[in-house]
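Take a moment with the sequence and the model before reading on.

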Amino acid sequence: IVTCDAGYLLSGDGTVTCVQDTTFTFGTQPTCTQIECTGLPADWSNVITDTVFPVALGDTVIVTCDAGYLLSGDGTVTCVQDTTFTFGTQPTCTQIECTGLPADWSNVITDTVFPVALGDTVIVTCDAG
């Protein structure tokens, strides 16, 4: 029976047989390849990292968000056996938005429909009177 060291994945036959001429027979030659995570999942919108991929099994990757987004969930993820990442709470990035003018801005008005994204400009005027 053929197995691989920790951190490696077996492909090919897991069983080989010693034959009369002291060689081994098998269907597909067994090989061990290092388990690696090749990148963050595509569906993690706006989640980014400075890490250079691939990373090895057990490596921890620090994640943040694109500019204008706020991270919730874990800021680190770890490469696991199935070449994905494990985490306590999935990191997600939410766009930072302004939801309205401050309540203490009396007599200041705008035609802007809120929310607006971070960096958007809102034109305000003074209420008549």
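Which side chain makes a polar contact with the side chain of threonine 84? The partner is aspartate 82, at 2.4 Å. A polar contact here is a pair of N or O atoms within 3.5 Å; within protein, one must be able to donate a hydrogen and the other to accept it, and residues adjacent in sequence count only if both atoms are side-chain atoms.

## About the model

This is a predicted model, in which local features need pLDDT of at least 70 and side-chain atom pairs count only at pLDDT 80 or more, while totals for chains, interfaces and linings use all residues. Residues are numbered from 1 along each chain as its sequence is written, and side-chain values use heavy atoms, with hydrogens and water left out.

## Overall build

The protein has zero helices and 17 strands. Helices (H or I, at least four residues) and strands (E, at least two) are DSSP runs, numbered from the N terminus. The C-alpha trace spans about 105 × 20 × 20 Å along its principal axes. Its radius of gyration is 27 Å, whereas a compact globule of 129 residues would have one near 14 Å. That radius is taken over C-alpha atoms, and the globule rule is 2.2 Å times the number of residues to the power 0.38.

Of the 129 residues, 16% count as buried. Buried means under 20% relative accessible area, exposed over 50%, and partly exposed in between (1.4 Å probe, protein chains only). Among contacts between residues at least 6 apart in sequence, 28% join residues at least 24 apart, where contact means heavy atoms within 4.5 Å.

## Three disulfides

The structure holds three disulfides, each a pair of cysteine sulfur atoms within 2.5 Å. One of them joins cysteine 4 to cysteine 32, with 2.0 Å from S to S. Cysteine 4 sits in the segment before strand 1 (8-11) and cysteine 32 in strand 4 (residues 31-34), 28 residues apart. The torsion about this S-S bond is about -85°, so the disulfide is left-handed. Cysteine 32 is partly exposed, at 38% relative accessible area.

Cysteine 37 and cysteine 79 form another, their sulfur atoms 2.2 Å apart. With 95° about the S-S bond, this link is right-handed. The pair connects strand 5 (residues 36-37) with strand 11 (residues 76-79), 42 residues apart. Cysteine 37 is buried at 0% relative accessibility, and cysteine 79 is buried at 1%. A disulfide also joins cysteine 65 to cysteine 93, at 2.0 Å, and is left-handed with -90° about the S-S bond. Cysteine 65 lies in strand 9 (residues 64-65) and cysteine 93 in strand 13 (residues 92-95), so the pair ties together parts that are 28 residues apart in sequence. Both cysteine 65 and cysteine 93 are buried.

With the bonded cysteines numbered in sequence order, the pairing reads 1-2, 3-5, 4-6. Cysteine 98 is in no disulfide; the nearest cysteine sulfur, that of cysteine 65, is 17 Å away. Cysteine 98 is partly exposed at 40% relative accessibility. Cysteine 126 is in no disulfide either, with the sulfur of cysteine 98 the nearest at 19 Å. At 65% relative accessibility, cysteine 126 is exposed.

In soluble globular proteins, nonpolar side chains tend to be buried together. Not counting residues up to four places away in sequence, valine 55 touches Ile35, Glu36, Cys37, Val61, Cys79 and Phe85.

Threonine 84 is in the loop between strand 11 and strand 12 (85-86), and is partly exposed at 37% relative accessibility. Threonine 84 and cysteine 37 are 47 residues apart in sequence, yet 6.1 Å apart in space, C-alpha to C-alpha. Leaving aside neighbours within four places in sequence, threonine 84 is in contact with Cys37, Thr78 and Cys79.

Three strands form an open antiparallel sheet in the order 8-11-12. Its edges are strand 8 (60-62) and strand 12, each pairing on one side only. Strand 8 and strand 11 pair over three bridges, and two strands count as paired if DSSP finds at least two bridges between them. Isoleucine 62 has threonine 76 in strand 11 as its bridge partner.
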